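I opened this entry to look through one protein model.

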Amino acid sequence: MGKRKGTEEVVIVLDGSANMGSLAKTINESLQAVGVAVDEDMQAVFDDVGKEAVKKLKASSPVNEKGKHSGRYAKGWTYERGKKAKNHKGSGVVRNKTDPQLTHLLEYGHPLVRNGKVVGNVSAKEHIRPVADWCAEEIEKRLTKSIGGN
């Protein structure tokens with residue numbers, strides 16, 4: 001097995017095709033059939049949930065108590081509004097701008113290497129998956145509420 005560069009990045013993508021069974025896309029298509037556009041509402045929901053996700057990630061991210069980079073990873077979370085694509089209306093991305101290479105290593109753990117030899121494992125500190133799951137549920141709930149559903 002080859003060496004890993006550690007450049008993988010874990011991001012949370014907020015869009016109409018999220019793990020919600022394409023609920024947002026279906027809602028938008030159905031409402032467009034009767035002449036109601038929900039693009040702005042969808043983008044507002046993505047923006048609100050994305051900003052709340054950043055706060056949750058900043059609070060739950062592991063913090064290195066020692067050294068010159070203490071708290072840098074936790075402070076690096078940001079929400080960026082995405083551009084409209086053909087397949088969905090509106091989107092956004094929550095990502096770590098300062099240390100994207102650490103997201104995968106911290107979320108899933110990694111081997112501890114000293115002088116080219118594996119001397120142990122660093123345990124996973126799951127902090128992204130719970131927020132991603134919350135985002136999917138919250139987007140579905142807010143979109144349903146914004147169009148007058150239950």
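Predicted model: local features only at pLDDT ≥ 70, side-chain atom pairs only at ≥ 80, totals over all residues.

Next I checked how the two strands pair. Strand β4 covers residues 110-114, and it runs antiparallel to β5 over five bridges. I picked out one facing couple: valine 113 is opposite valine 118 of β5.

Is β5 well covered or hardly covered? I found it hardly covered. Strand β5 spans residues 117-122, and the number of buried residues among these six is zero.

Which residues of α4 are buried? I noted Thr103, His104, Leu106 and Glu107 in this helix, which spans residues 100-108. I also asked what covers them. The cover includes α3 (72-75) and α5 (129-146). Strands β2 (77-81) and β3 (91-96) are also part of the cover.

Last, I looked up the whole protein. I counted five helices and five strands. From the N terminus, their order is β-α-α-α-β-β-α-β-β-α. The chain has 150 residues, and 36% of them are buried. I took contacts between residues at least 6 apart in sequence, and 61% of these join residues at least 24 apart. The accessible surface is about 9600 Å², with 50% of it on carbon and sulfur atoms.

Definitions and conventions
Residues numbered from 1 in each chain as written. Heavy atoms only, no water. Helix = DSSP H or I, 4+ residues; strand = E, 2+ residues; numbered from the N terminus. Buried < 20%, exposed > 50% of the residue type's maximum accessible area, 1.4 Å probe, protein only. Contact = heavy atoms within 4.5 Å. Areas by Shrake-Rupley, 256 points an atom, 1.4 Å probe, with all protein chains shown as cover. Pairing = 2+ DSSP bridges.
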